[in-house]
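Welcome! Take a look at the model, then try each task before reading on.

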Amino acid sequence: MSPAAEAAAAFATVHSSAPSGVWSAPGRVNLIGEHTDYNDGYVLPFALPHRLAAAATRRSDQVLNVATLGSDGKFQYSGNLRIADLSPSDIEGWAAYPAGVAWVMRDHGFDRGADVVIAGDVPSGAGLSSSHALECAVALALLGLSGIELDGDAPGTPTRPEIARWVQRSENDFVGAPTGLLDQTASLCCTESNVLFLDVRSGEMEHVPFDAAAAGMRVLVIDTRAKHSHAEGGYGERRRGTEHAAELLDVKALRDVELADLPSVLKTLPDELGPLVRHVVTENQRVLDTVELLHADRLAEIGPLLDASHESLRDDYRVSSVELDLAVDAAREAGALGARMTGGGFGGSAIALVRAGDAARVEESVSLAFERGGLRRPRVFSAVPSRGAGRDKL
Ligand code: GLA
């Protein structure tokens, strides 16, 4: 069953009626460009085929009621949340995500109540942006129930990047996770068969064709099953470190540091900030280099850039983990052309670029390495760039 059909069926179970509509949004992987978004830099994500769908119906009061169907087949309920009373840090756990979206949308004039039921197949806590998929699907559902569809021409229709900013605000100011714009933009703006080259500073986007299969390759996603969370300390600490470095260097953001100036810039910075700056500046360049190779139809050659990105995240930015390093090393030893952690880090998932004929062997080797290390078998799947968020036909 598709996530949309599943959400509609789940809605019927909870509310004994069919929903008015279903809207869904995908998870994402980032091909390269990590921890660059909040430094005004470049990112290169693609949307996964995995989606979360929000089946919804308008209520006559101003209450948001959300139920979510877990992979264990059990529902969790938010209870009745009065939209007018929503305020940051009042709500804990998963319900803070949909509540945060309703809280931001209230400020944009969307304050009608809704019953929403969420279902889908984006693994949670895997660093594949399930929380953003949920937030984006809820945002589209609340808009849709007010008669506004994405890309439509109704007056007041927000653009996809505008909705990404709303979702970012809900996450930063309501949920309390100081994340950047990568994930929401990926979920809303990615298109099938392409990676999304986004310049976070200017908001400029380019859909760059990415057909690994045509090049005889696959992108494997390796979910280490080591949970991660960005509401916790490490992410915010890195972010503050880079902002502090930008202040010391008297630039608006680390995006403004030229690669050629890096050696002299590093001499002026305190020891603990230098490696953070080196990561961001070199990572931005790696995104540009990757895009150049993709433009030149040289997809098979991006492997060393993926490897270098991982090393930089591991050694300079220090956001990798034992499991991520193990996944990356085992994939490379088994013949991957390149591999790296993807997303914020501290657990979550890695990606590996492999020749199609090597995919099974790489998967097996990674699993064996985990078994030998006494770790749970990772979940491995091969991913192709898929469509962004939108309304589903039932
Ligand atoms: C998380 C955040 C993003 C981005 C990545 C790291 O996924 O939500 O905004 O900062 O980490 O690239």
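A cavity is a set of points on a 1 Å grid over the protein atoms alone where a 1.4 Å probe fits but cannot get out, and its lining residues have an atom within 4 Å of a point. The model is predicted: local features need pLDDT of at least 70, side-chain atom pairs count only at pLDDT 80 or more, and totals for chains, interfaces and linings use all residues. Residues are numbered from 1 along each chain as its sequence is written, and side-chain values use heavy atoms, without hydrogens and water.

**Exercise 1.** Find which residues line the largest cavity.

*Solution.* 
- The structure holds 1 cavity of 30 Å³ or more.
- Its space is about 50 Å³, a volume filled by probe spheres set on grid points joined across faces, edges and corners.
- The lining consists of Arg58, Phe110, Asp111, Arg112, Gly113, Ala114, Leu142, Leu145 and Ser146.
- By type, the lining has 4 nonpolar, 2 polar and 3 charged residues; Asp, Glu, Lys and Arg count as charged, Ala, Val, Leu, Ile, Met, Phe, Trp, Tyr, Cys and Pro as nonpolar, and the others, Gly among them, as polar.

**Exercise 2.** Work out which strands stand at the edges of the open sheet of 6 strands.

*Solution.* 
- Strands are DSSP runs (E, at least two residues), numbered from the N terminus, and two of them pair if DSSP finds at least two bridges between them.
- With mixed pairing, the order is β5-β4-β6-β3-β1-β13.
- β5 (75-82) and β13 (390-392) each have a single partner strand, so one side of each lacks a neighbour in the sheet.

Methods. 1 Å grid on protein atoms, 1.4 Å probe; cavity = no way out; pocket = protein on both sides within 12 Å on 5 of 7 lines; lining within 4 Å. Helix = DSSP H or I, 4+ residues; strand = E, 2+ residues; numbered from the N terminus.
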